[in-house]
Amino acid sequence: MSAITVPEAPERSSGDRPPLSAHTAASLLGRQVARPPVRLVHLGLGAFHRSHQLWHTALVDEGGEWGYAAFTGRSPSAARTLEAQDGLYAIATRGVDGDRVDLISSLVEAHDGADVDRLAELLRSPAVAVVTLTITEAGYRLGADGDLDPEDPDTAADLDALAQTGFVAGDAAPPLRTALGRLVFALAARRDAGAGPITILPCDNMPANGAVVARAVGAIAEAASPDLARWVRANVAFASSVVDRITPATTEDDIRSLAERIGVTDRGLVVTEPFSEWIIAGEFPAGRPEWERSGARIVADVEPYERRKLWMLNGAHTVLAITARSFGHTTVADAIADPRVREWVEEYWDVATERLSAPELAIGPYRDALVERFSNARIAHHLDQIAAETTTKLRYRIVPLLVRARGDGRMPNGCVRPIAAWVRSLRAGRRDVDAFGPRIDEALAAPAPDVTSSLLGILDPALRKDDALIAEVDAYVALSIPA
């Protein structure tokens, strides 16, 4: 990783700045940019991957041994942008007192996620040791029980396509719609090539994400071929991780500001905060970068840290996205500065901290640090961005705390309030991108007295039968101010 420290930008008009490429990067740094061999593959090429896994790898790969090939998810646009820049991009780490800009050269290949043939070709190489994933919680296509949902239309289509595949070496991949379906096809190619063991490392906000992905991949492999499923069990390690770094969407103003500073237009620019956390547990039989030298922590069990991050940071983000937009707030910093919203977040945190008692979690300092991070107005983390896939996020972040409290006979306002705000916003017609859209439509079409229970049933079937909770949610929904 190289810091870009050009003191003054060349005099150029806004339309005369060259794009970032290996050539322009060499001009900026006064040397050629070395490109490492591909030994890591990633599914879910987006801003977070560029601010986190690629950044951590760049920090420790001084010898140029660990290059990444990354594949996009829903849209190929990020791959096209980065391919045009030779995989190079800058990270602007935005602290309260200013920015640090670093050039990242760990991304060797950027591909459309639909290019399954290239994914399979890469996994045929014994040199490829790890596949990391940031496909979002919704991208795993799981049911309410946390296992693969075979009724998901895209999953069902992939299961059918894979079941009809002979897995003959060299055959082109069938059309596959899901990240895990594509991964299973590529794992079959690795088996056929005799390329040896490999580790799958999910980096999405799900409890026990390694075990969850192991079950989902195993289910797809079993449906495709029992022989393949046996090979996966014997040769694929599924590690778990907790990741944390607030990375808002890059704006045109961000790109323009960097271009004015360094004289180069970087359309792959990522803006992020100084804080970064990566906690990893699991086996890496084919090796891995020494990520612990970048600050990553290698532990025996990620669960305590997983719950801390999922419930405290991610859960609070969801509370903010659901409640604060009703007051016209657009960013996390705006929202946390509102005393009403801050009180609701603190109320939610009070519920979460009851379940986070391990001393190594240092909950008091962690909670204080979250307020400081959320208050960094130089990081424009937009609530509309956080609100995408709210249903899935509620299921992982807030519902587990609610269920535990209800099991103790308590009604936790800190959890009920954001769920009620979600119900109210849906009943009022506000819709964000959500994989559960069709089921939400069905719930909203139910007879009026059943709408709330139907919506709660999407979050957890047991909630549909909790009459006291339904009444409490309805009471919040009936208030004249945002829930």
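These legends go with several close-up views of a predicted model.

**View 1. Six strands line up in a parallel sheet.** The order across this open sheet is β6-β3-β2-β7-β8-β9, and the pairing is parallel. Going from one strand to the next, the twist averages 20°. For a look at one pair, take β2 (residues 38-43) and β3 (residues 67-71), which are joined in the parallel sense over 5 bridges. Within that pair, Val-38 stands opposite Gly-67 in β3.

View 2. Which strands does helix α5 lie across? Helix α5 (residues 116-123) lies across β2, β3, β6, β7 (130-133) and β8 (198-202). Its direction is at about 140° to β2.

**View 3. Helices α6 and α8 pack against each other.** Here α6 (residues 153-163) meets α8 (residues 209-224) at an angle of about 45°, and their axes are 8 Å apart. The two helices are therefore oblique to each other. On the α6 side, the contact is made by Leu-159, Leu-162 and Ala-163. Helix α8 brings Ile-220, Ala-223 and Ala-224. Is Arg-141 buried or partly exposed? Arg-141 has a relative accessible area of 22%, so it counts as partly exposed; the cut-off for buried is under 20%.

**View 4. Helix α1 packs against strand β5.** In α1 (residues 22-29), look for Thr-24, Ala-25 and Ala-26, which are buried. The buried residues of this helix pack against β5 (98-104). Just after α1 comes Gly-30, with a positive phi of about 75°.

**View 5. A three-stranded sheet has mixed pairing.** This open sheet runs in the order β10-β12-β13, with mixed pairing. Its edge strands are β10 (240-244) and β13 (297-298), and each pairs on one side only. Helix α11 packs on the sheet, where it touches β10, β12 and β13. The direction of α11 makes about 35° with that of β10. Between β10 and β12 (residues 277-281) there are 5 bridges, and these two strands run antiparallel. Asp-244 stands opposite Glu-277 in β12.

**View 6. Nonpolar residues gather in separate cores.** In soluble globular proteins, nonpolar side chains tend to be buried together. In this model, the largest nonpolar core has 78 residues. Which residues have the most contacts inside that core? They are Leu-320, Trp-349, Phe-374 and Leu-455. Helix α11 (residues 303-323) gives the most to this core, with 10 residues. A second, separate core has 47 residues, including Val-38, Leu-43, Val-116 and Leu-119.

**View 7. Trp-349 and its neighbours come into focus.** Leaving out residues up to four places away in sequence, Trp-349 touches Met-312, Ala-316, Arg-367, Leu-370, Val-371 and Phe-374. Trp-349 and Phe-374 are both among the residues with the most contacts inside the largest nonpolar core.

**View 8. Ala-362 sits in a loop with a positive phi.** Ala-362 is found in the loop between α13 (339-353) and α14 (363-374). Its phi is near 45°, and that is a positive value in a residue other than glycine. Ala-362 counts as partly exposed because its relative accessibility is 35%.

View 9. Where is Arg-464? Arg-464 lies in the loop between α20 (451-459) and α21 (467-477). With a relative accessible area of 46%, Arg-464 is partly exposed. Setting aside neighbours within four places in sequence, Arg-464 is in contact with Ser-453, Ser-454, Gly-457 and Ile-470. With Ser-454, the side chain of Arg-464 makes a polar contact of 3.3 Å to the serine side chain. Although Thr-452 is 12 residues from Arg-464 along the chain, their C-alpha atoms are separated by 8.3 Å.

Definitions and conventions. Residues are numbered from 1 along each chain as its sequence is written. This is a predicted model: local features need pLDDT of at least 70, side-chain atom pairs count only at pLDDT 80 or more; totals for chains, interfaces and linings use all residues. Side-chain values use heavy atoms; hydrogens and water are left out. Helices (H or I, at least four residues) and strands (E, at least two) are DSSP runs, numbered from the N terminus. Buried means under 20% relative accessible area, exposed over 50%, partly exposed in between (1.4 Å probe, protein chains only). Contact means heavy atoms within 4.5 Å. A polar contact is a pair of N or O atoms within 3.5 Å; within protein, one must be able to donate a hydrogen and the other to accept it, and residues adjacent in sequence count only if both atoms are side-chain atoms. A nonpolar core is a set of buried Ala, Val, Leu, Ile, Met, Phe, Trp, Tyr and Cys residues joined through side-chain atoms within 4.5 Å. Two strands pair if DSSP finds at least two bridges between them. Axes are lines fitted to C-alpha atoms, for helices over the stretch in contact, and angles run from 0 to 180 degrees between N-to-C directions. Angles under 35 degrees count as roughly parallel, over 145 as roughly antiparallel, 65 to 115 as roughly perpendicular and the rest as oblique.
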